[in-house]
Amino acid sequence: MSYNLSREKTITTTEPETDLAKEYGATEKVPHSQARNMSFMDMLATWIGANANNGTWYMGGVVAGCAFGGAIAVTLIANPIAYLIMAMVGYMGYKAGTSTMALTRPSFGVRGSSLPTLVNLTSFIGWTAVNTFIAAISISFLLKDSVGWAAFGEKGSAKSMIVGILIMSILHLASISLGHRSVKLIERIGMILVGILGIWETIVVLQNVSFSQIIHWHPSASLSLPFGTAMDTMAAFSLAWIPAIAEFTRYTKNKSSATVAPMIGANVGLFWFAFVGIIATIAAAITTGTYDPNNSDPSTIASKLGLGWLALVVIVLTSTTANAINLMAAGISLTNLTKKIKAMPALWTVTVFAVLLTFVPLLFGSFLDSFIAFLDYLGMVLGPLIGIMITDFFFIKKRDYDVPAFEEVNGKYWFTGGFHWPAIVSWAFGVAAFLLLHTMEFFKASIGATYPVLILSGLVYWILVKIRK
């Protein structure tokens with residue numbers, strides 16, 4: 001599926017996967033008669049592939065700190081809720097025929113939508129950095145085997161990690177230069193490869209460690225992850241897909257393709273690969289006698305399990321395909337912020353920023369600490385934002401948006417100088433509420449803060465709109 005990075009108002013083909021410069025802009029409505037040809041199976045495959053990747057694998061390793069039972073419970077609770085919400089926003093994209101960030105204009109205002117767009121930009125640049133770092137770890141192990149350099153986690157590994165990041169950056173630039181058709185083909189191949197790797201690793205794990213051992217394993221008290229904290233971490237991971245969902249559902253043929261298909265696909269992909277990450281990390285802890293969540297990435301686990309260089313190459317390739325989509329989503333956000341930057345310069349710009357961000361874990365702390373901080377940031381800003389969007393569309397505007405007014409100065413979505421202050425105040429309230437609840441023992445030990453804050457922000461927004469009227 002392709003993303004849209006320009007402001008063209010017409011389309012001359014029935015294929016949505018056209019050249020970047022010929023796509024709809026973020027606020028242009030896609031007509032059913034021309035470009036709505038994404039089928040149910042297309043969406044199902046797309047969203048299985050979205051979560052059948054190394055990032056999901058790593059997430060499984062992180063929540064393994066809850067032990068097997070807790071990690072499985074978090075996975076089965078947090079993610080279906082997130083993807084039900086994603087289906088609701090997917091329906092919004094299908095109904096309006098516009099991008100996710102354009103859908104923030106009726107709630108935040110024509111100018112006010114630049115605030116969530118900026119968050120979306122940082123989110124996808126951040127995910128690019130995460131996937132790049134995971135792939136660079138694989139390259140560090142390959143360099144260790146080939147030239148003897150220290151691999152990630154070993155003393156003196158900075159050199160191999162820097163080279164790995166630079167190699168991945170070159171691969172990213174090459175992937176976004178190929179165009180959407182090539183990226184789509186590579187993405188499908190990557191999904192198959194990482195699927196094979198997941199099955200391979202599961203077999204190797206269960207050959208070396210019994211399932212009974214995995215079920216009964218528990219981390220030490222100092223490394224145990226509170227259930228509510230794991231809920232927040234997993235919720236932020238899954239909610240992070242929502243700012244991209246309408247870029248797909250705006251092209252779907254019918255409502256079920258826009259809602260049911262991505263909900264099923266995303267859950268299947270996540271359950272599968274989070275499960276692989278959970279059991280692989282626990283198995284590595286059992287066989288080595290040491291549980292270190294810093295080393296729960298696919299590359300380190302594959303190395304500990306002796307899967308060899310082929311597994312590491314697959315991780316590098318699949319990270320490249322995943323990041324092609326992340327970079328395109330970030331490019332959309334950049335062009336939505338300003339019409340002065342065109343499609344390809346936007347892609348090159350966000351790629352450079354992502355490369356710079358990838359070096360942060362090497363300079364200022366561990367990758368795990370950086371990853372958790374990134375997810376906390378996403379939960380803090382995305383939860384309130386999504387709560388406001390859903391409340392505005394379903395409960396205030398009654399599923400009726402006037403898409404041509406999305407760019408009208410002094411139109412119905414202009415509000416006060418282009419900003420709708422009830423949404424901005426509610427969003428700020430939600431961020432503050434998350435910072436407060438996230439540290440409270442009740443929420444850390446039980447349901448987490450992300451979903452309560454999402455509901456609370458929507459409620460505050462509804463009240464403020466009613467008072468304003």
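1. Start with helix α3, residues 54-63: 10 of its 10 residues are buried, so the rest of the structure largely encloses this helix. The buried residues include W57, Y58 and M59. "Buried" means under 20% relative accessible area, "exposed" means over 50%, and "partly exposed" is in between (1.4 Å probe, protein chains only). Helices are DSSP runs of H or I with at least four residues, strands are E runs of at least two, and both are numbered from the N terminus.

2. Keep in mind that this is a predicted model, where local features need pLDDT of at least 70, side-chain atom pairs count only at pLDDT 80 or more, and totals for chains, interfaces and linings use all residues. Residues are numbered from 1 along each chain as its sequence is written, and side-chain values use heavy atoms, leaving out hydrogens and water.

3. The chain has a mean of 84, with 88% of its residues at 70 or more. Confidence is lowest in helix α1 (residues 32-35), with a mean of 54, and highest in helix α18 (residues 421-437), at 97.

4. Be careful with residues 1-25, where pLDDT stays under 50. The model still has 94 contacts (heavy atoms within 4.5 Å) beyond four places in sequence for this stretch.

5. Most residues other than glycine have a negative phi. A67 is not a glycine, yet its phi is positive, about 70°. A67 sits in helix α4 (residues 67-96) and is buried, with a relative accessible area of 4%.

6. R399 also deserves a look: its phi is positive, near 60°. R399 is in the loop between α17 (367-396) and α18, and is partly exposed at 43% relative accessible area.

Technical notes
pLDDT = per-residue confidence, 0-100.
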